[in-house]
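Open the structure in your viewer and keep the selection tool ready. We will go stop by stop.

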Amino acid sequence: MKNSKKMKTILAALAIGVISMVAINGCKAPESIAAKSGAQLWAENCNRCHNAPDPHTFSDDQWDVAAEHMRQKALLTDTEITKIRDFLKSAN
Amino acid sequence: MITAIAFITAGLLLASGGNKLCAQKDTAVPFVNSPQGGGEKMLLAGEIYTTWQNTKINAFQGMPTVKENSFGSDPNFPLGLMLMPLIKLNDRLFIDVQVQVTAGVGAGLNEAIIYYRVNPYMSVFAGNFQPRSGIYEGIMDDFTNRYASAPIGMNIGVATESGIGIQGGIQCGYSKLGYQLYVANGPQLTVDSTGAQNGQVSYGNYTDNNTNKAVGGELCLLPFSNSSLELGVSGQYTPKTGNTGSPFESISNTTYAAYINYYHVFNPIMVRLQGQYEHTQTDNFNLYTNSADTAMLFKSFDNQISGWYLGLTLRPSGSQKQFISNLELGARIGALTPPADALWGGNPMNQTTICLTYWFTWKTPLNIAYDIYTQSGSPNVSVFSVRGMWFF
């Protein structure tokens, strides 16, 4: 029972956090965010966990696969991973 | 039964009887079940690693100092290979598998997950997966671990499980949200008449021990537009962990974690800060010799485990000299507090780590680390280790 109460408290806190953030920010990406290049998103997001990868590491087809892996692993947004993948392939 | 046969017969007659209602303009069926949106692509990724370590157990209560060194003898520093076949079946379906081969231990399946991307904001997944639970497990525990050794307070909560879930990332103004929600078999309670493992829970269960399921998830927030700061909380609740019909069926387990992951370049130094707190609690229970007996084998204990770590690394990434810019210096502290009264528990343990990393490439580190482990009532242990890792 104690565990159940704790879990409910955590879930309630999460819900409040999400609702507050959406209320403050809205869910539309501002122009400055939407205008970010693939190179910028590559530098910003990859470095969160590991060093930004060398575009020459994989072939274009391999980057298609690696990008899907990172979409799921790092919970990247669709726009981010699409731009990053396109950048890596263009710089390859 | 007769009714069912009658319906099937009627259906077959209707379909094959030349009825005009069933006539179609074009009866050609070029392909069925053809993949949509792209061809199959595969990438075999993975990592190979080895460690040499020198361990010193200091003199304690009349016992002499013990020194030993070896290649990969410690479970935290294995000699091993991880293979990661990744398959993009089409634009929506993706398969992610991890197989671990560890010298002296054998081969095992870490993960086998299939993802289906429903829309830009959500993917559905199913299989054997490491639920998101903080920043260490499944994320910072391979070549991304800049301290070589595992934090002593981690790996106490949620581990690999079988189940289904949803996850994704969403842009919310200047900030971003990541989420994961899942239902899984959950942990199973260990009832051990020897007491050695009594009250522990085990993960990685391909079959469930009861009809109840664990529910869990994570929410991570990246408040800054440059994604430099990530804050996350995760939790899992399992109402029943015991075997069906046993007196322990309704023993519940709750695990939660909170973490921070931050990096920023204060030119020419890149600073990286990571920290995590984990807590897991399992209901208390008394263990009797049998259900009709009142002779107690093991009295209940406060079955809670908690652990944490906080680490900071500095990398002169802006240096003009390549050798210098490839170096990264890290320091980390952490602790583990097991149940004091359990036979498998004991006094709290602390860990201090200093590690110097040289990055040959973005994914090939050489770590030189020094760990000090302290625990009340036990000798201090220091470990000097060198780890080489190649991610491919």
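Where in chain B is the place of Pro268(B)? Select Pro268(B) and look: this residue sits in the loop between β13 and β14 (269-282) of chain B. Keep in mind throughout that this is a predicted model.

**Stop 1**

The peptide bond that joins Asn267(B) and Pro268(B) is cis. Its omega is about 10 degrees. For background, most peptide bonds are trans, and most residues other than glycine have a negative phi. Hold on to the part about phi for the next stop.

**Stop 2: two residues with positive phi**

Select Ser227(B). Ser227(B) is in the loop between β11 and β12 of chain B. Its phi is positive, about 60 degrees, although Ser227(B) is not a glycine. Is Ser227(B) buried or exposed? Ser227(B) is buried, because 21 other C-beta atoms lie within 10 Å, and 20 or more are enough to count.

Now go to chain A and select Leu75(A). Leu75(A) is in the loop between α4 and α5 of chain A. Leu75(A) is not a glycine either, yet its phi is positive, about 55 degrees. Leu75(A) counts as buried because it has 24 C-beta neighbours inside 10 Å.

**Stop 3: chain A as a whole**

Colour chain A by secondary structure. Which pattern does chain A follow along the sequence? The pattern is α-α-α-α-α. Chain A has 5 helices and 0 strands. Of its 92 residues, 28% count as buried. Next, take the contacts in chain A between residues at least 6 apart in sequence. Among these, 68% join residues at least 24 apart.

**Stop 4: helix α3 and its cover**

Select residues 38-46 of chain A. This is helix α3. Which residues of α3(A) are buried? They are Leu41(A), Trp42(A), Glu44(A) and Asn45(A). Show α4 (60-74) and α5 (78-91) of chain A as well. Both are included in what covers the buried residues of α3(A).

**Stop 5: a pair of helices**

Keep α4(A) and α5(A) on screen and hide the rest. Two packed helices are described by the angle between their axes and the distance between the axes. Here the axes of α4(A) and α5(A) come within 10 Å and cross at roughly 155 degrees. That angle makes α4(A) roughly antiparallel to α5(A), because angles over 145 degrees count that way. The crossing of α4(A) and α5(A) is right-handed.

Show the side chains where they meet. From α4(A), pick Asp60(A), Trp63(A), Asp64(A), Ala67(A), Met70(A) and Arg71(A). These meet Ile81(A), Ile84(A), Arg85(A), Leu88(A) and Lys89(A) in α5(A). Colour the contact of α4(A) with α5(A) by class: there are 6 nonpolar, no polar and 5 charged residues.

**Stop 6: the cores**

Bring back both chains. How many residues does the largest nonpolar core have? The largest nonpolar core has 21 residues. Select the residues with the most contacts inside it: Ala66(A), Ala67(A), Met70(A), Leu76(A), Ile81(A) and Ile84(A). Elements of both chains give two or more residues to this core: α3, α4 and α5 of chain A, and β3 (80-88), β8 (175-184) and β11 (214-222) of chain B. The largest share, 6 residues, comes from α4(A).

Zoom in on Ala66(A). Beyond residues up to four places away in sequence, Ala66(A) touches Phe58(A) and Leu43(B).

**Stop 7: where the chains meet**

Select the contact between the chains. The contact takes 45 residues from chain B and 38 residues from chain A. On the side of chain B that touches chain A, the largest share, 6 residues, comes from β7(B). By class, this side of chain B has 22 nonpolar, 17 polar and 6 charged residues.

**Stop 8: Leu109(B)**

Finish on strand β5 (residues 106-119) of chain B, the place of Leu109(B). Leu109(B) is partly exposed, because 14 other C-beta atoms lie within 10 Å. Leaving aside neighbours within four places in sequence, Leu109(B) is in contact with Val99(B) and Asn128(B). Now draw a line from Leu109(B) to Trp52(B), C-alpha to C-alpha. Leu109(B) and Trp52(B) are 57 residues apart in sequence and 25 Å apart in space.

Methods: Residues numbered from 1 in each chain as written. Chains lettered and ligands numbered in written order. Predicted model: local features only at pLDDT ≥ 70, side-chain atom pairs only at ≥ 80, totals over all residues. Buried ≥ 20, exposed ≤ 12 C-beta atoms within 10 Å, placed from the backbone. Helix = DSSP H or I, 4+ residues; strand = E, 2+ residues; numbered from the N terminus. Contact = placed C-beta atoms within 7 Å. Core = buried A, V, L, I, M, F, W, Y, C linked by C-beta atoms within 7 Å. Nonpolar A, V, L, I, M, F, W, Y, C, P; charged D, E, K, R; others polar. Axes fitted to C-alpha atoms, helices over the stretch in contact; angles between N-to-C directions. Parallel < 35°, antiparallel > 145°, perpendicular 65-115°, else oblique. Left-handed = near helix turned anticlockwise from the far one by under 90°.
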